[in-house]
Each structure stands twice: as structure tokens, then as C-alpha cells.
Amino acid sequence: MREKRILSDHWQFIYGLSDVSEINSNTDWKDISVPHTWNNLDGQDGGGNYLRGKGWYKYSLDVEKDSSKEYWLEFLGVNSVADLYVNGMHIGQHRGGYTLFRFNVTDALVNGNNQILVCADNSPFADVIPLTADFTFFGGIYRDVHLIVCEKTHFALDDYGSDGVNVTYHNSPEIIDKAVLNVSARINGVTDNCSVTAEVTVPDTFEKCDDISVTDFNTDYVISYDKKVIDKAKGNIVNGRFDSALTIHHPHLWNGRKDPFLYKVVFTLYNGDTEIEKIEKYIGIRCFSIDSRKGFFLNGASYPLRGVNRHQDRKDMGWAITAKEHDEDFAMIYEIGANAIRLAHYPHHPHFYDLCDRYGLLVWAEIPFVDRIGGLGISGLPTDKLKNKAVEESFLNNAKLQMAELIKQQCHRPSIFCWSMSNEVMAEYGKTAQYMMEELDKLVHSLDNQRCSALATNHTKSYKWKADIRGCNIYPGWYGGKETHFPLQANYHMRANRLKGVAVSEYGAGSNVLHHSEKPSQPKDTVCDFHSEEWQSIVHENALKYFMKKRSNKIWGTFVWNMFDFAIDSRNEGAMPGMNNKGLVTYDRKIKKDAFYLYKSYWSSVPVVHITSSRFSEREERTIDVKVYSNASEVTLRLNGKKITTIKDGDNKQRHIFVFKSVQLENGDNAVTASAGNLSDTVNWKYNQ
């Protein structure tokens, strides 16, 4: 049977050695644990000078070596180029910082103690995506490492980081009556007596994560089922492959947040009558479609995608986060009422995809092909002088590798509806970008012809580039145009892409929760020192005013940029050096900004009453408008215990936004309370004449 051991403690680290020959002569190693990054502090402090180079990791691995076994080292994420050495032997190199990879280290290991050495290099490489982007490229072994011990005959471990098995079905309404699952496996070390069985079962319990606390969960789904086998297939292995089919009649559909039902598919490998190993995968049965006029459909029903973007880094941790941080992030995304998420701009941790599967969020999955193309100039726009065809082709091959790894590793997941090939690749790359998208589109459909290829763009020249669906990144009220220009800018992109409609894959505005204004206005230049929380809210109010109308169905999905503030070391704006502060939640996840509660009021059925500008504690004017976000039918406002008035939602200019006009603050302290039924929110403001 396959065994997996996590290698997390007792690592040593040193930064800056130029070559493996310097390893043993240097004594400046620091004791660390994995996940780890050396940029957790300098990658978020501004200045754009965070360390980019070679970090070296050393681990002493004790093994009682069994000659009948194989030994593999598995890395879930090393940024961005990783070289592995075992007992001084170079085992291999992986180029790409966001996907799982493995190396067979059987021949290099000895019985007893073994030196494992990893070089993680986050330097710029002209042929490794991404070259440049608006986020910090944290270096290190920032995800888990495992030692896998398996039989010499095993489900393949060398298939682009996949577990060697896969389940697919047709994305068609026919699955509502009958779902035919195509099950396949690749097997290494096949003998004459090898066979595989695959069976689909109903899990005996819903696998809810213990550490995640979510509200508005469909409790009808958290029940136990009688475990039973739905269908079973058995067959021999031909040319190292097993292929068969399983049938589920009238399947229980995976239906988003309402009912994220999962089946379990169990693959078992035998040598004669002896079980060698077993792999379990959780799948959901669902179909989706996108109509250019009517929008997104899930299982035949209209299902507009209302989502957020997410970056994976955390204050003082960078990318070296654990399941605890992933769970906390997901709980807030679920709380806000989102039914979709764009995992930008790279593959995320498998655990996060698990959460999306289990709790019913649709996923826009993406590779880190961002901004620029290698071989055409890293620091400037392409010119004939800079063009290097060899690097350009190597760059494309790396994008293909990372896409293949993403699809192979995650393609069984019901949550994922598209494979995004790029984000904001510059218009100036023209025909070169067009060629690369054509090549990536071919790859996507050769590996998975049941989902869409996608790209996100901030210009219309990319509508000549091959992709099934597109998202437009627009920023009315921030980078270009007024806050009221969401219809204008979205329609501009819809006219350019008539076949499938569009998603708004990014929109938003920055804010510093310490910055407030009685009369917020759009910054003339966003690279300024003042980003008020109030202006961010106004931008999102205008976005929702348009996006939540039925006539905006041609926009089949919207994704807020961003759920959380995130690090970009080269930025210096909003008095927050090193930060992109467009998040609905602060970088440390401690403060949910006002706009968070606006979305929760629109998207969630959990009761919400939230007074905005609560951190604007020292008010500048005596007569103010008090704004409350709520999904209640009516809200009552009180000042120092005295009732001001009650407003009904139907009387609001915009749903869920209650504005109490011309409230007169008292001199000194003011306790302002908004209430709806048993729910209330109180803020304390001070006004001094």
C-alpha cells in the first residue's frame, strides 16, 4: 500500500549561495519548518527590492530502505524554479511555482540517513511564467513536502503531478437523467496479473472541514447516507492504461451552494487477488452552459456567478500559509455570499479547491501567464531588436507545462468550469499572443473538452485571440472613467465579444481603513497617499446597482478585485507601501471593510445590519448622512438611545443601502445604533465644535 509522510519540521535554510558546491562549507544555516518563504517581510514592505534569488533547503531523511519499494519526493509548491539533489546527486528540475511535482528518488536513497537538498530560485526567468505581475513573487518551499513510499507497481506518479487516475463525463443536460462516468488510470510497473477496479459510491457522511465556520450553510445537506455502491467496473491493464465506464442513473446533482453533493470514486489496483493500492476521488455531477444573452446556467437553471478574486498571501507569512489560513479565507468568502471565485493568477493549494468542491463555489482556474511574453523583452514592450524566438518558444512551452499540470491535477473537480490561459497580456504582443493563445486553447481542449478555455483582458485587441469565454478587467471610479460608468465599460466589451457575452473578471477600488472622508471623491491619481474607505464603498455600490439588474444577464459572471488586500512590493499608495489595498478585507484578515457588508447584504440570506464609516471616529461635521447596509425589510436608527426614524427598503434609492439624511450629532460622544428586528449595530463617533 502507498504511504505518505509529511516532511515539515527540522529543515535548514540559507539564502544567496550561488552553487551547490558551497553547501557543505557554509555554516550559516537556520532551522526552519516548511511551508517557508524568505520574503514574508521584505515582500510586503514596499520599495520593490525584495530578495529574488536562490534559497537553499536542507533536510536529513532517515529511511529503512526496502528494495521492493519505490520512493518519491512530492512538492506541492516551490517558487519558481526548483532543483532537487539527493546525497549530492542532481535528481531533476521543475520550472513553475504553483503546481505539484514529484521526483523518483529510489536509486539515489541509501538505507539510513540521506541529505535532501532543494534550491528554490525566484529570480526572473525569461522562459518561466509569470515574468511580471502586480503581486509579489514570494520565494521558497511555500507548500507541503511529502515522502511517498509505494510498490513498484502503482498508479502513475509521473503524470504531470496527477495521482494517475481520472474521472470525466459529458457536460450535457443528459447527465440529469443518466451520467456516464469515464474512468481511467495510468499504471507504472505493470505485471501480467495486474488489474484495476473502479467503483462509485455515496459517501457515508458529508466531509465538512472541522476548522471552518460558515454561516448560511444548507444544513439539509449535512446528513448521513447509507453507504452503497452505485456502479462498479473491473478490467485488465492495456499498455499501462485502464479505461472503463460507470453509470449513475438519475444522479444527485452537484448544485452549487444549495446542494454541493459529492460522490466517491474508488480506484483499486490488484496484483492477482492482492490489493496493491487504492485512490479515492470525490466528484460532483453537474452541467453548465453560457448563453450570450441569458447568462450562466447550472444544471439547466439560471445561475449568475457572483464572485471574488483571491490571492493566497497573508500578512507576515507571504505564501507560506497552512490549512488554517486557507480555511479562514474560505469562511469569509462563503460568509459574504459568493457563489464563485476566480483563483488569481495561478493554481492555488489543492485544499482550497477541495473547499470549493465541498461547499459549492464555482471556480475560474488560471495559470500565471500575466502581462508579458518572454523573448520579447522583460523590461519593455516588444521590439524586433529584443525578440528572441528560442526564448519565446521556451516561454510558450512553460505555459503549456503549467496548464497541463493544472488540468491533470484538478480536472475531476465539479467546482471548476474553465481553464484560464492568461491575464492582461499586453495588446502590443499582437500576433505573437494570438498564436500562443491558439496553442494553449488546443492544449486545453485536448486535455479537457468538457470545460471552457478562458482569458481575462483589459483591452479589446485580445478579442481576436482564441478563447471560448472572456473576462474583462474594468475599473470605473478608479483607473478609468467615473464610478457610474460600469454599464458603459461593460457594454464596450460585450460589443467586442458577441459570441459568449463576457464576465467582469476584475473591478474594484482601493481603500485604507484608517482613511475617511465626509465627502468622498475619486482620486485624480490612484498613486496618492489618501484612499478613503468611503470611496471604495461608493464604487462597489455603483457596480452592484448595475450588475444585480436582470438586464445585465449578458454579463454572466462578476468577480470583485479583490477579496483580500495583498502584497505587491513595488507599490506605494494609500499610505500602504507594498500593498494592493483593493481588498474587501485587510491583509491581516482582521478587518472586514464596509464594502464587505454591502456584498453580504446583496448576496447572503444571513441577516445583516452594518453602519458604514464606523472607524471614522472623529467626525468633521455635525450634520451627517448615516449610511447602513442591510438586507432587512426596514431599519431603525437611534442616536444616544433616541429614535431618529425608520426606513423601509422599498423606499431606498438602491436596495440594501439605507441612508439616514441630515442626522444631527451631539457635541461630544455619540452612540449611533441601527437595528432590524433582533439584530443591531452600534458605532461611537465623536464631534467637537
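Analyst: The buried residues of α4 pack against α3 (389–410), β29 (416–423) and β30 (452–457). This is a predicted model, in which local features need pLDDT of at least 70, side-chain atom pairs count only at pLDDT 80 or more, and totals for chains, interfaces and linings use all residues. Residues are numbered from 1 along each chain as its sequence is written, and side-chain values use heavy atoms, with hydrogens and water left out.

User: What makes residues of α4 count as buried, and which are they?

Analyst: Buried means under 20% relative accessible area, exposed over 50%, and partly exposed in between (1.4 Å probe, protein chains only). In α4 the buried residues include Met-436, Glu-439, Leu-440 and Asp-441.

User: Why is α3 called roughly parallel to α4?

Analyst: The axes of α3 and α4 cross at roughly 30° and come within 10 Å. Angles under 35 degrees count as roughly parallel, over 145 as roughly antiparallel, 65 to 115 as roughly perpendicular and the rest as oblique. That makes α3 roughly parallel to α4.

User: Which residues of α3 meet α4?

Analyst: Contact means heavy atoms within 4.5 Å. Among them are Phe-395, Leu-396 and Met-403 in α3, while Tyr-435 and Leu-443 are among those in α4. By class, this contact has 12 nonpolar, 1 polar and 5 charged residues; Ala, Val, Leu, Ile, Met, Phe, Trp, Tyr, Cys and Pro count as nonpolar, Asp, Glu, Lys and Arg as charged, and the others, Gly among them, as polar.

User: Why is α6 said to be largely enclosed by the rest of the structure?

Analyst: Of the 15 residues of α6, 14 are buried, so α6 is largely enclosed.

Key: Helix = DSSP H or I, 4+ residues; strand = E, 2+ residues; numbered from the N terminus. Axes fitted to C-alpha atoms, helices over the stretch in contact; angles between N-to-C directions.
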